[in-house]
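I'm opening my notebook on this one. Let me put the sequence and structure up and then jot down what I look up.

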Amino acid sequence: PGPITPTPPAAMPFESVKDLGGQALLTPECIQPIPLFLQTWCCHCVTAGQIHDKLEAGSFWKGCIGTCCCSICCRTITRGKVRAKAGTAGGIVDDLVLSLCCPCCSLMQEAKSLGISSTGQDVAKASKPPTMAKP
């Protein structure tokens with residue numbers, strides 16, 4: 001028989017990122033962008049507040065404190081609001097299960113769907129260079 005040709009590996013659900021040494025690292029997409037992931041992992045109430053503020057202007061503290069006091073209830077309700085705003089299919093049971101079992105990933109998903117960066121700015125606005133005011 002002829003030579004055996006290797007089959008290419010199946011596509012991995014990972015994104016390539018370069019470290020300081022220039023070597024490619026594999027990181028799951030759910031932790032991208034890294035600054036938002038670190039903020040969500042270390043202080044999830046800030047990300048929850050940013051999400052809540054994006055849904056209802058001026059309600060950062062309501063989302064932040066609500067998530068600290070009654071996390072599952074607040075996260076489930078807010079996730080439903082984000083889903084409704086994005087027009088994504090699903091229901092309250094899905095929202096409850098995701099908020100209960102995968103709170104960090106759930107918050108990341110919500111923040112990214114609303115265009116929130118770790119600084120709380122809209123991702124689209126954050127990518128534009130700042131303009132200087134004339135004196």
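Definition before anything else: I count Ala, Val, Leu, Ile, Met, Phe, Trp, Tyr, Cys and Pro as nonpolar, Asp, Glu, Lys and Arg as charged, and the others, Gly among them, as polar. I'm working on a predicted model, where local features need pLDDT of at least 70 and side-chain atom pairs count only at pLDDT 80 or more, while totals for chains, interfaces and linings use all residues. Residues are numbered from 1 along each chain as its sequence is written, and side-chain values use heavy atoms, with hydrogens and water left out.

**Entry: the pocket**

With those classes I sorted the lining of the largest pocket: 4 nonpolar, 4 polar and 5 charged residues. A pocket here is an open set of points on a 1 Å grid over the protein atoms alone, where a 1.4 Å probe fits, with protein on both sides within 12 Å along at least five of seven lines; lining residues have an atom within 4 Å of a point. The volume came out at about 170 Å³, taken as the space filled by probe spheres set on the points, which are joined across faces, edges and corners. Of the 13 lining residues, Arg79, Val82, Arg83, Thr88 and Gln109 lie nearest the centre. Helices H4 (71-86), H5 (92-101) and H6 each give two or more residues to the lining, and H4 gives the largest share, 4 residues. (Helices are DSSP runs of H or I, at least four residues, numbered from the N terminus.)

**Entry: helix H1**

Which residues of H1 (residues 34-42) are buried? I found Leu36, Phe37, Gln39 and Thr40. They sit on the same side of H1 because they cover an arc of only 165° around the axis, going by the directions from the axis to the C-beta atoms. Trp41 and Cys42 are exposed, on the face turned away from the buried side. Buried means under 20% relative accessible area, exposed over 50%, with a 1.4 Å probe and protein chains only. Helices H2 (44-55) and H6 (103-113) are among what covers the buried residues.

**Entry: Thr40 and its partners**

Thr40 counts as buried because its relative accessibility is 2%. Skipping neighbours within four places in sequence, Thr40 is in contact (heavy atoms within 4.5 Å) with Thr47, Cys104, Leu107 and Met108. Thr40 and Cys104 are 64 residues apart in sequence, yet 6.3 Å apart in space, C-alpha to C-alpha.
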